[in-house]
Amino acid sequence: MKVLVTGGAGFIGSHVVEELVNHHFEVVLVDNLVTGSLDNLLNTVKIYQFDINDQEIEYVFERERPDYVIHLAAQVSVTASMNNPFFDLQTNMVGTVKLISLAKKYNVKNFIFASSAAVYGEPAYLPIDENHRLHALSFYALSKYSAEKYIELYDAIYGGNSCILRFSNVYGPRQNADGEAGVVSIFIRKLVRGENVEMFGGYQTRDFIYVKDVAKACRLAIEGEHKGIYNICSGIETSIEGLLTQIFEETGVTKIPVYQPIRVGEIERSVLDNSKVSSSFDWFSHYSLQEGLHETVHYYSTVSSSKLSMK
Ligand SMILES: NC(=O)c1ccc[n+]([C@@H]2O[C@H](COP(=O)([O-])OP(=O)(O)OC[C@H]3O[C@@H](n4cnc5c(N)ncnc54)[C@H](O)[C@@H]3O)[C@@H](O)[C@H]2O)c1
């Protein structure tokens with residue numbers, strides 16, 4: 001079975017590719033390397049260095065005839081989306097519409113879309129399940145929300161075979177500090193370099209999920225040809241201060257953080273419900289936060305500093 005992974009050279013994408021290769025899928029990538037890197041990839045994987053909005057993208061479908069598409073390519077920075085909503089819209093919404101239409105045209109069996117917990121906005125209740133109302137608070141969240149709606153309408157018109165995965169805060173090796181769970185990589189990078197860390201508030205909570213668990217969920221989604229919307233999350237609420245304490249333990253470095261006020265507009269509490277995916281995919285988050293941080297700290301402690309500064 002052949003899988004086309006967009007954004008496969010990025011943080012989550014490179015782990016998805018490894019997971020698929022380890023389970024004997026044939027994998028091809030599309031990535032324009034805007035934030036991704038060839039360093040993240042196994043040499044054996046075929047990559048088309050295209051933008052998902054390029055005309056050539058149809059050539060990839062025509063030539064490769066993928067059975068499945070896992071669409072991860074995106075503009076992932078909330079701040080960048082606020083500074084340039086048009087760029088965000090073009091990549092995240094227009095790019096997704098292009099891919100879903102090609103997936104339908106070339107009879108792709110299952111289209112997996114990487115959405116985000118950001119679509120829920122300020123929680124009305126916790127833990128947030130898939131029926132929670134949607135309320136975008138950033139252009140990034142709005143682009144994911146709109147892309148979801150396009151996918152749902154394509155499915156309603158042309159036959160439903162799409163699966164929307166709403167990731168909580170994903171962390172792990174190779175993460176770019178600008179991403180949604182960038183706080184983990186920012187803290188670890190600073191501490192392993194002996195630098196001070198800044199703490200904005202600290203009492204706010206998030207649901208951190210290890211990237212290998214996310215990669216497994218993507219594989220299970222295509223293996224089961226699942227459809228519908230699923231939260232991919234740990235279901236565990238962790239404060240940023242609690243996170244930092246665990247990172248101190250894993251790095252063996254303790255530094256009193258420089259406290260700053262919580263950023264304006266930041267959500268105070270967030271944790272998602274993963275019972276739907278657990279029962280449908282037989283998936284659960286295998287890695288505890290401690291285990292995930294252990295592997296992540298090991299990665300940042302061993303990767304060369306020249307490589308880290310490039311990311
Ligand atoms: N990291 C998280 O915590 C998190 C949480 C929720 C959702 N997501 C979603 O997961 C997906 C992967 O995110 P990530 O954290 O791995 O980010 P990332 O920046 O590491 O990966 C994105 C990849 O897409 C590529 N890309 C970007 N624009 C492209 C374009 N126009 N054409 C082709 N390739 C393009 C980049 O080069 C990169 O390799 C994204 O869709 C993101 O919105 C991530």
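Author: Domain bounds come from an automatic or database domain assignment. Here the protein chain falls into domain 1 (2–170 + 209–232) and domain 2 (172–206 + 237–271 + 287–310). This is a predicted model, in which local features need pLDDT of at least 70, side-chain atom pairs count only at pLDDT 80 or more, and totals for chains, interfaces and linings use all residues. Residues are numbered from 1 along each chain as its sequence is written.

Reader: How far apart do the C-alpha centres of domain 1 and domain 2 lie?

Author: Their separation is 25 Å. Two residues are in contact if their C-beta atoms, placed from the backbone, lie within 7 Å. The contact takes 21 residues from domain 1 and 17 residues from domain 2.

Reader: Which elements give two or more residues to the side of domain 1 that touches domain 2?

Author: Helices (H or I, at least four residues) and strands (E, at least two) are DSSP runs, numbered from the N terminus. The elements in question are helix H1 (11–22), strand E7 (169–171) and helix H7 (211–223).

Reader: Which strands are joined to strand E4 (residues 68–71) by bridges?

Author: Two strands pair if DSSP finds at least two bridges between them. Four bridges join E4 to strand E1 (residues 2–6), and the two run parallel. Strand E5 (residues 110–116) is also parallel to E4, again with four bridges. Val69 of E4 stands opposite Leu4, and its bridge partner in E5 is Phe111.
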